[in-house]
Amino acid sequence: MYINGKWIETNQKETIINPATEEAVGEVYIGGQKEAEEAIQSAHQAFKTWRALSGNERGKILLNIAAELLKAQTPIAEAITNEMGKPIADARREVVSAAAYLEWYGEEAKRVYGEVLPALDTAKQLMVLRQPVGVIGAITPWNFPVSMITRKLGPALAAGCTAVLKPAPSTPQCAIEVFKCFERGGLPAGAANLVIGDAEAIGKEMTSNPIVKKITFTGSTNVGKLLMRNAAENVQKVSMELGGHAPFIIFDDADLDDAVASVIGTKFKNAGQTCISTNRVYVQESIKDEFSKRLAEAVGELKVGNGMEEDTDMGPLVNEAALLKVEQQVIKAAESGATVVTGGSRLEDTKGYFYAPTVLAGTTDEMTIAKEETFGPVAPIFTFQTEEEVVERANNTQYGLMGYCFTNDIGRGMRMMHQLDYGMVGINDPAPIVPHAPFGGMKESGIGREGGTSGLHEFMEEKFVSIRTNAKLF
Ligand code: ADP
């Protein structure tokens, strides 16, 4: 753990398991409420000096940290693959994307503008200042164990906040690697602190300690709701990046090869373990056979294996529980009448939590897989007749994070863009995420946005100031 600029050891350790081999990949010291409280105190002290720096000065440090991340790309990428299983090429890309968040916010730190408002009385000066909220608590998941840290701490630090981070229990070494870059990049002691261990105890301390002014969380909707309930006690601000159930809609006028490649990308990247992964593939009735055939062929070409092998397309699921959940969803779907086009089982003759990339046909809206987030490499194909029908069915979920739509009719694309109830929509674009765009969801997919100026303002308070003078100005 990293508290007040020092690496801390406790008398308790936890072993981290590689999901591709089921073998240990290291041990970390763990703690709980006590360490969380110390970290919050340290962030509280550091806030006084960190907020006093100019945006320019804070920005330069963030840019230094970004450079350190890129220098350490290989060890960090290896930590990602060993801890959570994604292919090493994707892990390297994640490090670049993590650095990109620090770069963007490092540059943006010097552009935190306020406003001057027109006064009714011209001897008054009305202004809106933007100030950092204070100490923030950040809780991150394991699926993007490095970039989720910088996507939260980048804007928080740029805004002038100081932070306590609790990473996911399965990927603490990734967080340690990021914090080594914070240290090498010259972040002052206490500005960012790392606490690993008992999630409930650390979360409780973050949501009950009055020093903490904001909780930023990425993870499951249930834990998000729990944190929101606890945060309500202190009226803490919250940003919640929760689950998703992305529809991927393919009209009969779409470029089918492009659509197939894009379903592969959005469904099987990270073994389907992202909140913006495709969860429901809606294919217009007239192209369903052709599409299913081509998708199954493309899925058959995916190489599943240990992410450390360069040619691996898809690694394991993160743990046994994740594997069981996916397995159950597929079994239930098959029992209710879905057909397994390809895959449909775990890989038996190997160690590790591997599930075969799977395509299901004949899935219906009543099945569990149509409602519950899958977080695994299963593409269920649903069919539809009309645009109106598919909009209604795509929106019929409590989630609203990401929606994809493929069509070559620009008018239809624009209608879909307006009518899909999702915080982010990709029209013919399977990979729209960039650091300068707002990432976030509607409905139970979350509150608040990360990325771009919105992401920065999440960590700032607006303060309205009126200065009254007796001056005669003109
Ligand atoms: P997943 O099921 O994908 O692991 P979680 O929502 O359980 O998603 O985990 C996301 C993050 O939330 C992790 O860092 C995890 O340790 C943390 N977490 C889980 N339960 C709690 C809790 N009760 N309080 C605070 N953090 C929690």
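This is a predicted model: local features need pLDDT of at least 70, side-chain atom pairs count only at pLDDT 80 or more; totals for chains, interfaces and linings use all residues.
Is K13 buried, partly exposed or exposed? K13 is partly exposed, with a relative accessible area of 46%.

1. Domain 1 gives 29 residues to the contact, and domain 2 gives 30 residues.

2. **Area between the domains.** The size of an interface is often given as the accessible area lost when the parts come together. Here domain 1 and domain 2 bury about 2,500 Å² between them. Carbon and sulfur atoms account for 56% of that area. On the domain 1 side, three residues stand out: E22, W142 and K443. They supply 21% of the area that domain 1 buries against domain 2, more than any other three residues.

3. **Polar links across the interface.** The interface of domain 1 and domain 2 holds 2 salt bridges. There are also 12 residue pairs in polar contact between the two domains, counting pairs with both residues at pLDDT 80 or more. On the side of domain 1 that touches domain 2, the elements giving two or more residues are α3 (73-84) and α4 (88-108). By class, that side has 10 nonpolar, 9 polar and 10 charged residues.

4. **K269 and D90.** Check this pair in the viewer. K269 forms a salt bridge with D90. The closest N and O atoms are 3.6 Å apart.

5. **K443.** This residue deserves a second look. K443 is one of the three residues named above for the area domain 1 buries against domain 2. K443 sits in the loop between β18 (424-427) and β19 (446-447). Its phi is near 50°, a positive value in a residue other than glycine. K443 counts as partly exposed, at 39% relative accessibility.

6. **V235.** Here is another backbone angle to check. Phi of V235 is also positive, near 50°, and V235 is not glycine. The loop between α8 (221-232) and β11 (237-241) holds V235. Is V235 buried or exposed? V235 is exposed, because its relative accessible area is 70%.

7. **K152.** Where is this lysine placed? K152 is in helix α5. K152 is buried, since its relative accessible area is 0%. Its side chain makes a polar contact of 3.3 Å with the side chain of T216. Leaving aside neighbours within four places in sequence, K152 is in contact with A138, I139, T140, T216, F217, T218, E450 and F459.

8. **G160.** G160 lies in the loop between α5 (147-159) and β8 (162-166). G160 is buried, with a relative accessible area of 0%. Not counting residues up to four places away in sequence, G160 touches F47, W50, R51, R58 and P132. The C-alpha atoms of G160 and D429 are separated by 35 Å, and the two residues are 269 apart along the chain.

9. **K13 and E27.** Side chains of opposite charge can pair when their charged atoms come close. The whole structure has 30 salt bridges. In one of them the side chains of K13 and E27 meet, at 3.4 Å from N to O. K13 lies in strand β3 (residues 13-17) and E27 in strand β4 (residues 24-29), so the pair ties together parts that are 14 residues apart in sequence. K13 is partly exposed at 46%. E27 is partly exposed too, at 47% relative accessibility.

10. **K303 and E309.** K303 pairs with E309 in a salt bridge, with the closest N and O atoms 3.4 Å apart. K303 counts as partly exposed at 30% relative accessibility. E309 counts as partly exposed at 40% relative accessibility.

11. **E387 and R415.** The side chains of E387 and R415 meet in a salt bridge of 2.6 Å, N to O. The pair links distant parts of the chain, 28 residues apart. E387 is in helix α12 (residues 387-395), and R415 is in helix α13 (residues 410-419). E387 is buried, with a relative accessible area of 16%. R415, in contrast, is partly exposed at 37% relative accessibility. Salt bridges that share partners join D253, E387, R412 and R415 into one network.

How values were computed. Residues are numbered from 1 along each chain as its sequence is written. Side-chain values use heavy atoms; hydrogens and water are left out. Contact means heavy atoms within 4.5 Å. Buried area is the accessible area (1.4 Å probe) that two parts lose on being put together, summed over both. A salt bridge is a side-chain nitrogen of Lys or Arg within 4 Å of a carboxyl oxygen of Asp or Glu. A polar contact is a pair of N or O atoms within 3.5 Å; within protein, one must be able to donate a hydrogen and the other to accept it, and residues adjacent in sequence count only if both atoms are side-chain atoms. Helices (H or I, at least four residues) and strands (E, at least two) are DSSP runs, numbered from the N terminus. Ala, Val, Leu, Ile, Met, Phe, Trp, Tyr, Cys and Pro count as nonpolar, Asp, Glu, Lys and Arg as charged, and the others, Gly among them, as polar. Buried means under 20% relative accessible area, exposed over 50%, partly exposed in between (1.4 Å probe, protein chains only).
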